[in-house]
Amino acid sequence: MSVRVDPAGNLVGRYEGERDGPPLLIGSHLDSVRDAGRYDGPLGIMLGVECVAALHAEERRMSFPIEVYAFGDEEGSRFPAAMLTSRAVAGTLDPATLDLRDAAGISLEDALALNGLSVSGFASARHGAALAYLEAHIEQGPVLEAEALGVGTVTGIAAQLRYAITVTGRAGHAGTTSMALRRDALSAAAAMISKAEEVARAGDADLVATVGSIEVYPGAANVVPGEVRFTLDVRAASDAGRDAAALTIRSGFEAIARERGVRYICRLLQDLPASPCDPALMALMDAAIDDAGVSPFRLVSGAGHDAMILASLCPTAMLFIRCEGGISHNPAERVSANDCEIALRVMRGFIDKLGATVRD
Ligand code: HGY
Ligand code: MN
Ligand code: MN
């Protein structure tokens with residue numbers, strides 16, 4: 001493959017086809033969450049490379065080019081925004097939202113400049129027409145393991161909203177501030193976090209709400225916390241289900257803030273609508289799974305993926321791979337070599353079936 005780093009910092013390998021034209025994009029992300037496993041993201045990239053390696057070994061070319069993408073920022077672990085680099089490729093990045101700083105106060109602009117890139121360059125990473133986007137990814141859930149299947153066809157990706165919440169009370173002396181006079185930001189935040197869990201537990205099975213990070217100021221054992229900042233992540237299979245739950249949770253937060261005499265600010269960090277996979281590509285995936293000797297099985301993704309961003313550029317298909325105990329975002333993340341071999345066989349079958357549809 002010819003290899004390049006695109007203006008958004010993505011690593012791209014290109015394998016020419018018999019003809020030029022819109023390429024098949026295969027990829028996933030290189031970045032991870034803090035203290036992560038080793039397969040969430042990189043496995044999909046490596047399987048893409050293996051698909052091309054197999055074609056090359058057989059001295060075959062498809063009628064279309066293939067581009068393997070290693071996206072640079074899917075998790076949003078460093079800057080308070082996620083999927084930045086696949087958005088750049090899909091052309092859906094709003095440059096006005098890129099005035100971002102990491103926890104050390106380093107701006108995205110400066111971080112890019114250190115790598116010879118620029119925010120304005122992000123916009124030029126937009127990809128032209130693409131035939132389709134294929135992403136293989138660990139399931140990050142328990143369904144395939146429960147079904148005793150190594151792989152499955154993804155039907156779509158859940159809708160998600162992500163917020164930054166700031167609760168401001170009044171810092172005070174832990175020994176002299178009576179309970180009645182306190183405006184304890186952390187006690188208020190704790191009530192809010194319990195409220196978010198209560199709403200999600202009462203909802204349908206696909207509804208989840210997570211507070212994954214929290215910061216307490218000033219953060220001293222003998223000071224009543226004056227300010228707390230935490231994140232809220234709300235997801236559901238449908239946009240309507242997600243929005244209704246988020247509204248209930250935020251109304252609950254406002255009531256708690258009033259009762260406890262604290263100020264509450266909620267800033268939207270990310271709004272990702274539910275993203276269905278392409279029905280025709282799902283049928284090709286099912287057929288490729290069947291050819292690989294596995295019973296075709298379809299499942300939805302609760303996790304977000306770059307595929308939901310690429311869906312605005314081209315039809316998307318995802319293949320899930322069983323992971324042990326459904327564990328992910330955790331160093332205990334595991335896949336079996338055998339399941340990866342099956343996934344490679346399925347992806348190659350999918351590519352050949354796609355080739356047959358393009359040729360006709
Ligand atoms: O948050 C997610 O679902 C993905 O891991 N970025
Ligand atoms: Mn992840
Ligand atoms: Mn991932």
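**Figure 1. Packing of helices H6 and H7 in the predicted model.** Two packed helices are described by the angle between their axes and the distance between the axes. Helix H6 is formed by residues 185-202, and helix H7 by residues 239-260. In this predicted model, the angle between H6 and H7 is about 155°, and their axes are 9 Å apart. Angles over 145 degrees count as roughly antiparallel, and H6 and H7 are therefore roughly antiparallel to each other. Their crossing is right-handed.

**Figure 2. Residues around ligand 1.** Seen here are Glu-74, Glu-75, Arg-162, Arg-235, Ala-303, Gly-304 and His-329. Sorted by class, this shell has 4 charged residues, 2 polar ones and 1 nonpolar one.

**Figure 3. Polar contacts of ligand 1 with Glu-75, Arg-235 and Gly-304.** The side chain of Glu-75 has an N or O atom 3.0 Å from a nitrogen atom of the ligand. For Arg-235, a polar side-chain atom is 2.6 Å from an oxygen atom of ligand 1. Gly-304 takes part through its backbone, where a polar atom is 2.7 Å from an oxygen atom of the ligand. On its own, ligand 1 has 210 Å² of accessible area, and the protein covers 93% of this area.

**Figure 4. The cis peptide bond from Tyr-217 to Pro-218.** Most residues other than glycine have a negative phi, and most peptide bonds are trans. The bond between Tyr-217 and Pro-218 is cis, and its omega is near 5°. Pro-218 belongs to the loop that runs between strand S10 (214-217) and strand S11 (223-224).

**Figure 5. The positive phi of Met-83.** Met-83 is a residue other than glycine, and its phi has a positive value, near 60°. The loop that holds Met-83 lies between strand S4 (66-71) and helix H2 (84-90).

Key: Residues numbered from 1 in each chain as written. Chains lettered and ligands numbered in written order. Predicted model: local features only at pLDDT ≥ 70, side-chain atom pairs only at ≥ 80, totals over all residues. Heavy atoms only, no water. Near = heavy atom within 4 Å. Polar contact = N/O pair within 3.5 Å; in protein donor to acceptor, adjacent residues only side chain to side chain. Areas by Shrake-Rupley, 256 points an atom, 1.4 Å probe, with all protein chains shown as cover. Nonpolar A, V, L, I, M, F, W, Y, C, P; charged D, E, K, R; others polar. Axes fitted to C-alpha atoms, helices over the stretch in contact; angles between N-to-C directions. Helix = DSSP H or I, 4+ residues; strand = E, 2+ residues; numbered from the N terminus. Parallel < 35°, antiparallel > 145°, perpendicular 65-115°, else oblique. Left-handed = near helix turned anticlockwise from the far one by under 90°.
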